[in-house]
Amino acid sequence: MPQMSADRALTLVSALAWRTRREGTWQMFVPLVSFTVMLTAIILISLSGTNHINGGQALVTFAEQYGAHTNAVTVGIGMVAGPGLVAVFASFSIIMLVRNLIGSEASRGGVEALLAAPYRPRTIMIALLSYVGSIATFYWAAATTILAIIFGLIIVTSGASVTFTASYLLAVLIVPLLAAWSSTGTSLLVYMLFPRMAKAGSYGMNLGGGGIGSLLAILPAVGTLFAFLFWAPYISAGELLAVAGGAVAVVGVASIVLITHLFRPDAILEA
Amino acid sequence: MDEFAVVTPGPQTAAVPLTATGLSAGYRGRPVLHDIDLTFRAGLHLVIGPNGAGKTTLFRVLAGVLRPTAGEVRICGRDPGVEVTVKRNVGVAAHRTALAQRLSVADNLYYWAHVLGMPAAEQRSSVERVTDLLGLGEIAGQRASSLSRGQAQRVSLARAMLSDPLVLLLDEPFSGVDPAVTAQLRSHLRTLADEGRTLLISTHELAEANAIGDDVTVLRDGRIVGQGDAGKLRSALVGEGYRLRIKGSGDLSGALERLGYKAEASQHDGVIVSVADERAASKLLAALIDAGVGVSEAAPVANPLEDLYLRLQGDGSAADVR
């Protein structure tokens, strides 16, 4: 039975992916432009030296631990703030996507149509989680690549030599990805259980409940950003991975378990 | 078994495609439907009732979208909540068309064929079949966002028919559809019913409904108040009398009251009043004119469904009759 349910979820995921392709995928790349611009602006500021950056000396010390003696502030920012920014960017993009998806589909009857199709509500939730999770993975991968390219260029052009430890690389890759997945689960949890929050105009001209939903869903990513900013210079990368990664993973798993068990069709039908 | 295959009818109620027994349902503890028993065989069945009667909720439960709080639904003898594959035998065209706005008409149909898990060859043949059936060829490449309400309704109906289902649940299929298309649609629906399918239609388009329905189910406050032939139901539920729709200027309701009559339903530009027979109707009109009321139009309510509907709306309520 679980195998059959997984097969069905896969069928629905492939249908959603087919629809996304036909609707055009170029919009998915728009947020990446703003991420690149933001990262470039941070680099330009950091290239001006330690005097212009609060905590600049700590960043230099941190970067030097990994062998960066030229442009150490910039390298330090990339290593400390970069992973958190990737997490926040991927999570924010996915929260907007989920809010738009649930808001528009609920008000146009799209979710009701899916519920009338030969799927259990839980299978639909698993399919939505998988679909949105795969887009979150795409945003994480794209943002991580942009981060690597930009800071790689800085390191290469400045003649610096940086050697990353395996545990640091693991932390940089895994924690932001877990944060993006956590935001996927949390945003689906909030907006599927309280779909009115996702509907445009439900709260008049105020952000209202929708804003609260987005704030809740972005917390894992904000936590990741703070963890790297405040702890990375002072604790080992392994400890960072265990603590931050563990906390974000717990939130993600909890939200996914909750949404697959608590989702009730009447909530979305009543919205 | 192929998990998306059409499920063969169950042993107990194989001859009855759709049944509901002791059905109650609602939203987050707010009850809407109460203890409903229904049996729908092949044919075209109408569901009417005032706004808020529970028609949409009934359709949602029958479609397996909403789980009942009590009682059970059987599609071909099977519970759609337990054996979800049986839902492939049900096509649903809800009031909200749920079309993907950025997709073309054809892509909307192909998307749904993907959702239903159809293999590629079946997708193509099914989409071509429903496109021909509902005359969508000319608009197949058009984006859903550019469709009129009537066109969107046709696409929604086409999508409901993709899996060639045994049961069709159609919520307001004539809403916003122009008369020429309505006539085509009526003919399609009649053909589908005559082919042995079970069609349930909820509608406010009572003239259309009266022309095609085999029987009518009347819903009020979440309960079935009548089921059967429209004319007989009208007689049973609202009495035999002769009902007159009067439009005019001045205080029609007040004048009627002074003459000893009561307006049964008020519309924005007239009232419905019950009289004993045609002779009494003539007398009433003469009395109204004598009383100084400007009568611009007076006609009997000829459509039994409309008569039934207006009576169920109750006095003074905002009748929504198009």
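1. The contact between the two chains draws 27 residues from chain A and 27 residues from chain B. The model is a predicted one. On chain A, three helices each give at least two residues to the side that touches chain B: helix 1 (2–23), helix 6 (110–116) and helix 11 (265–270). Helix 1 of chain A provides the largest share of that side, with eleven residues. Sorted by class, the side of chain A that touches chain B holds 13 nonpolar, ten charged and four polar residues.

2. Chain B is divided by the domain assignment into domain 1 (18–228) and domain 2 (240–313). Between the C-alpha centres of domain 1 of chain B and domain 2 of chain B the distance is 36 Å.

3. B:Leu168 belongs to strand 6 (residues 167–171) of chain B. Is B:Leu168 buried or exposed? It counts as buried because 22 C-beta neighbours lie inside 10 Å of B:Leu168, and the cut-off for a buried residue is 20 or more. Apart from neighbours within four places in sequence, B:Leu168 has contacts with B:Gly91, B:Ala160, B:Leu192, B:Arg197 and B:Leu199. For one of these, B:Arg197, the separation from B:Leu168 is 29 residues in sequence, while the C-alpha to C-alpha distance is 7.6 Å.

4. Strand 10 (residues 242–249) of chain B pairs with strand 12 (residues 270–275) of chain B. The two strands run antiparallel and are joined by six bridges. Within this pairing, B:Arg243 has B:Ser274, in strand 12 of chain B, as its bridge partner.

5. Strand 10 of chain B also pairs with strand 13 of chain B. This pairing is again in the antiparallel sense, over six bridges. Which residue of strand 13 of chain B stands opposite B:Leu244? That residue is B:Pro300. Elsewhere in the pairing, B:Gly248 has B:Val295 of strand 13 of chain B opposite.

6. How many of the seven residues of strand 13 (residues 294–300) of chain B are buried? The count is zero, and strand 13 of chain B is hardly covered.

Definitions and conventions: Residues are numbered from 1 along each chain as its sequence is written. Chains are lettered from A and ligands numbered from 1 in the order in which they are written. This is a predicted model: local features need pLDDT of at least 70, side-chain atom pairs count only at pLDDT 80 or more; totals for chains, interfaces and linings use all residues. Two residues are in contact if their C-beta atoms, placed from the backbone, lie within 7 Å. Helices (H or I, at least four residues) and strands (E, at least two) are DSSP runs, numbered from the N terminus. Ala, Val, Leu, Ile, Met, Phe, Trp, Tyr, Cys and Pro count as nonpolar, Asp, Glu, Lys and Arg as charged, and the others, Gly among them, as polar. A residue is buried if 20 or more other C-beta atoms lie within 10 Å of its own, exposed if 12 or fewer, and partly exposed in between; C-beta atoms are placed from the backbone. Two strands pair if DSSP finds at least two bridges between them. Domain bounds come from an automatic or database domain assignment.
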